[in-house]
Every structure is written in structure tokens, then in C-alpha cells.
Amino acid sequence: NQVRMKDMLQYIHEHYFEEILLEDLALVGNTSKSGCLRCFKESLGTTPLQYVKQYRLQTAANLLKDTDWQISEIASRCGFEEMGYFAAQFRQMYGVSPSEYRRTTLSG
């Protein structure tokens, strides 16, 4: 399971800006979709798609801090097609909007 998880996580980290389906991860991990779900639940306590979303949001937070790219560009580069969805998910994870996050990390 460790090798399988390593392969699936590496795939996510290399393709997070693209659409990632459960089928893709199962194929990379050489397992079934249910095997993929089980692997993530046992190893990380979450689902593969939840992990992808969290990774995208963490990457977006780093880009907000480290670049002067427009927020919409960061959202797009991190695999979020809808700006409203990105902003809502970002707020849910970090407790502030992307622009507030950028402002506080730059001034802090």
C-alpha cells in the first residue's frame, strides 16, 4: 500500500492543475476505484478527491503569498475552473478570502 500511495500522491502533485478522476488514481495505483478509496482512507484519513482539493488550496495559498499573479490566474493554475467555487473553498479552509489571505500574509 505504501508504494501504491506514493505513486498516487506523486501523480496528484504532478497533475493537480488538471482534472483528476478517481479512475485516473486507481489506474496509477494499479488498483480498483474502491481499492484507491480504501488506500486513502487508511493512509490519510480522507478521500482522494478531498486530498486533491486540499493540495490545490495549499498550492494556491503558497502562490498568493509568493507571487503577484491575479487571484483568478492562481485559481485557474491550481485546477479551479470556477472563481466562486475557489473563493468559497479557500474561505472554508483558511477562514478568509483569497484576497484577505494575500493581504495578511504580505503585511504580516
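Residues are numbered from 1 along each chain as its sequence is written. In this predicted model, local features need pLDDT of at least 70, side-chain atom pairs count only at pLDDT 80 or more, totals for chains, interfaces and linings use all residues, and side-chain values use heavy atoms, with hydrogens and water left out.

Helix H3 covers residues 33–44. Helices here are DSSP runs (H or I, at least four residues), numbered from the N terminus. At 1.5 Å a residue, the 12 residues of H3 should span 16 Å, and its end C-alpha atoms are 16 Å apart, which agrees. The expected span is 1.5 Å times one less than the number of residues. Within H3, Gly35, Cys36, Cys39 and Phe40 are buried. Seen down the axis of H3, these buried residues fall within an arc of 135°, so they line one face of the helix. Buried means under 20% relative accessible area, exposed over 50%, and partly exposed in between (1.4 Å probe, protein chains only). The arc is taken from the directions from the helix axis to the C-beta atoms. Lys41 and Glu42 are exposed on the face of H3 turned away from its buried side. The buried residues of H3 pack against helix H1 (2–15), helix H2 (22–28) and H4. Contact means heavy atoms within 4.5 Å.

Just after H3, Gly45 takes a positive phi of about 70°. Asn30 lies in the loop between H2 and H3. Asn30 is not a glycine, yet has a positive phi of about 55°. Its relative accessibility is 65%, so Asn30 counts as exposed.

Helix H7 spans residues 98–107, with Pro98, Tyr101 and Arg102 buried. Seen down the axis of H7, its buried residues fall within an arc of 100°, so they line one face of the helix. The face turned away carries the exposed residues Arg103 and Ser107. H4, helix H5 (71–77) and helix H6 (83–94) are among the elements covering the buried residues of H7.

The largest pocket has a volume of about 200 Å³. On a 1 Å grid over the protein atoms alone, a pocket is an open set of points where a 1.4 Å probe fits, with protein on both sides within 12 Å along at least five of seven lines; lining residues have an atom within 4 Å of a point. Grid points are joined across faces, edges and corners, and the volume is the space filled by probe spheres set on the points. Helix H4 (residues 48–66) gives the largest share of the lining, three residues. The lining includes Phe17, Leu49, Arg56 and Phe80.

Technical notes
Helices (H or I, at least four residues) and strands (E, at least two) are DSSP runs, numbered from the N terminus.
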